[in-house]
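Below is what I'm looking at, and after it come my notes in the order I made them.

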Amino acid sequence: MLTKKYVAALLLSFAILFAAGCKKKAPAPPPPPPPPPAEAPAPKPNPPMITLFAAEPGTIERGQSSTLKWAVEGADDITIEPGIGRVSANGSRQVFPSSTTTYTLIARGPGGEARRTATVNVTAPPPPPPPPAPKATFEERLAREVQDAFFDYDKSNIRDDARATLTRNADALKAIFRDFPDRSVSVEGHCDERGSAEYNLGLGDRRATSAKEFLVQLGVPADKLRTISYGKERPQCTESNESCWQRNRRAHFAPGQ
Amino acid sequence: MRRILPWLTPLVLGALFLASGQQEVIIKVMGGAQKPALAVPDFRGGGDAAQHTGVFNETLYTDLDESGLFTMVAKSMFPLAVPQRPEDFRAPLPPPPRRKDAQPQRQGPWLTDWSAPPANASHLAFGYLAVQNEQLVLFGWLFDVTQQDVSNAQLFGKRYFGPLSADGARKVAHEFASDIIVQFGGAPLTASKIYFISDRTGFKEVWSMNPDGSEQKQLTNYRSICTTPAVSADGTRLAFTTYARVNPMIFIHSLETGRRLPFYNQVASMNATPAFTPDGRQVLYASTASGYAQIYIANADGSGVRRLSNVRAIEVEPKVSPKGGEVVFVSGRSGPQQIYKMNLDGANVERLTTGEGEASNPAWHPSGEVIAFAWTRGFEPGNWNLFLMDVASRRVDQLTHGAGRNENPSWAPDGRHLAFSSNRSGSSQIWTMLADGTKLRRLTSQGRNEKPVWGK
């Protein structure tokens, strides 16, 4: 069976070869001779051709550089103005213009003159960034953002108004301690002038402790708050009336030492 | 009615006794009304001593008057002839015989010139000033003018020497007055000191002065706040509260060297209001070591701390009785600050004041039976007046009555005088007075001055 298939393939191949040999029968005629050259005048030389004159980049900041590139054909005198002068036919040159400058390439040759311009736009550098906005100091932020908490006479419990004040203070203190992780705050307890100086030392200590404990409950780190009682030794004001007394019955927040 | 009356009478009498017994505690401290009637005529001076007699006479009279020991005989009652030496007394001759109603014949100054009306003196201090070897010499005598015989009248006669100056005149006057006071069982104050807080330098520092306000001296220089001074019974050590190391703590200084002595302060936001025990071997104070200010006792160097009180209330100002054993202190355990008493081991706590107003600044009388203290009873908070209390009976007498704020009474070593602070003059100053509220004297004027403690 295999032998019969080979025989058939061979026969087919011969048949194709015979068919191709049959087309090569008629050769093509030779082409006609070229026409005789015409009687022409002396050829005029071409003017110089500037194939390239460009500044890259075309826009720079003052102090940066741009590169002029050029390519000229058919010229024997090539200059670039201003400030560069005679150059060769192909080249490049770094330029440092301090202001916007239009460079002119002049190419002169037997065929005449050609000009082309390239402009380097110079922009002023952006003004230096302004100094960063002055950062509030620890002391400033404490004075601005953390308020005194006030107390009733001979009391150290946190009143409703003090509760609101201390709640705001807790947020402020947490933010301040984030920005000033190395600092601490002195929670000062103060009293009005009426109780005895000795008892007021103890009362001021209670007020400072109450305020601190409240702040710690609200997440202010306990190790950042140090209590101190001033009793009635450091009054805010010294008049003998209730409004002055109230101003002195307080927990005050001062930079820690 | 007849049946009720016998019952009512003791009640009425009792009420009368209570009403008139207002001075009971004062009398206990000051003694009864029966005081020697002392006549102190102006002394004269010979030669260069004459120019200092003014200072001398004023100092002598003030010392004796302010001792509170005497009824000072008014000068307008004095006889015209004033003796300068014992020899000046001339016994009168007996009245001439055979004449009715005859008076003794007067020969010169005599004891009865002073003992009889109008002077009615029991005692006479007299003498004179002179210059001897360029020194001021005081010749001083004290006579009991109730004696019949001049040879029995002299209680003492003594010479005193000092520089020929106003200071010298003051010195010999103080010394003579002290000898007279001692003669009547008093304790002279001239050697004692009053320690106090003054802000005259711009900072509250501890100062000292003489009981007449002279020689005011700065003892500390911490340029901070110093307050609540206390002095040991022997007068050698000074304890106080200071902010010199930021938080209030206790410092102790030697009054002999002026140097700071070691004292261990507990770890606390506050250690304050120190006081020595009478033997000077321990110190009581208030500390917030456990939270609220509480009373602690420690050795003189601060070691061996023990807590004496244990309540959730502010407790300050412990003061140990001069006899030892008992402590008075100020506590808020029942509400507004009041004075309490406990044993030195913390047991047997009792409230001494009634609970009215606010009470503070207890100070033991040297007898250990009476305290002086400040109280707002009957006044608005902050309007402190000074009171005495007999601790056993709780009877009180009021010494000041609304003239300014009167605080921090401190007993003189004689137990008859008090130093205290008052703003009655417009600013807080140190004053002294007798423990019956009389003989007020202002000692300071520069800056604000407060918290006197009277030491030896």
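**Entry 1: chain B as a whole.** I started with burial, and 52% of the 456 residues of chain B count as buried. This is a predicted model, so I'm keeping that in mind for everything that follows. Next I looked up the secondary structure and found six helices and 30 strands in chain B. For its extent, I noted that the C-alpha trace of chain B spans about 90 × 80 × 40 Å along its principal axes.

**Entry 2: contacts and surface of chain B.** I looked at contacts in chain B with a separation of 6 or more, and 44% of them are between residues 24 or more positions apart. The accessible surface of chain B comes to about 20,200 Å². Carbon and sulfur atoms account for 51% of that surface. Then I checked charges: chain B has 46 positive and 40 negative side chains. The centres of those two sets lie 3 Å apart.

**Entry 3: one residue in chain B.** I picked B:Glu205, which lies in strand 8 (residues 205–209) of chain B. Is B:Glu205 buried or exposed? I got 1% relative accessibility for B:Glu205, and the cut-off for buried is under 20%, so B:Glu205 counts as buried.

What does B:Glu205 touch, leaving aside its neighbours within four places in sequence? I wrote down ten names: B:Phe196, B:Ile197, B:Ser198, B:Gln218, B:Thr220, B:Asn221, B:Tyr222, B:Arg223, B:Ser224 and B:Cys226. I also looked up one of these pairs by C-alpha atoms: B:Glu205 and B:Tyr222 are 17 residues apart along the chain, and their C-alpha atoms are separated by 7.2 Å.

**Entry 4: over to chain A.** The domain assignment of chain A gives domain 1 (49–123) and domain 2 (138–255). Taken over C-alpha atoms, the centres of domain 1 and domain 2 of chain A are separated by 76 Å.

**Entry 5: helix 2 of chain A.** Which residues of helix 2 (residues 138–145) of chain A are buried? I found A:Phe138, A:Arg141 and A:Leu142. They sit on the same side of helix 2 of chain A, because they cover an arc of only 100° around the axis. The general rule I had in mind is that an α-helix has 3.6 residues a turn, so residues three or four places apart point the same way.

On the face turned away from that buried side, I found the exposed residues A:Ala143 and A:Arg144. Last, I asked what covers the buried residues of helix 2 of chain A. The cover includes helix 3 (160–179), strand 10 (185–190) and strand 12 (250–255) of chain A.

Key:
Residues numbered from 1 in each chain as written. Chains lettered and ligands numbered in written order. Predicted model: local features only at pLDDT ≥ 70, side-chain atom pairs only at ≥ 80, totals over all residues. Heavy atoms only, no water. Buried < 20%, exposed > 50% of the residue type's maximum accessible area, 1.4 Å probe, protein only. Helix = DSSP H or I, 4+ residues; strand = E, 2+ residues; numbered from the N terminus. Arc of directions from axis to C-beta. Contact = heavy atoms within 4.5 Å. Areas by Shrake-Rupley, 256 points an atom, 1.4 Å probe, with all protein chains shown as cover. Lys, Arg positive; Asp, Glu negative; His and termini not counted. Charge placed at Lys NZ, Arg CZ, Asp CG, Glu CD. Domains from an automatic or database assignment.
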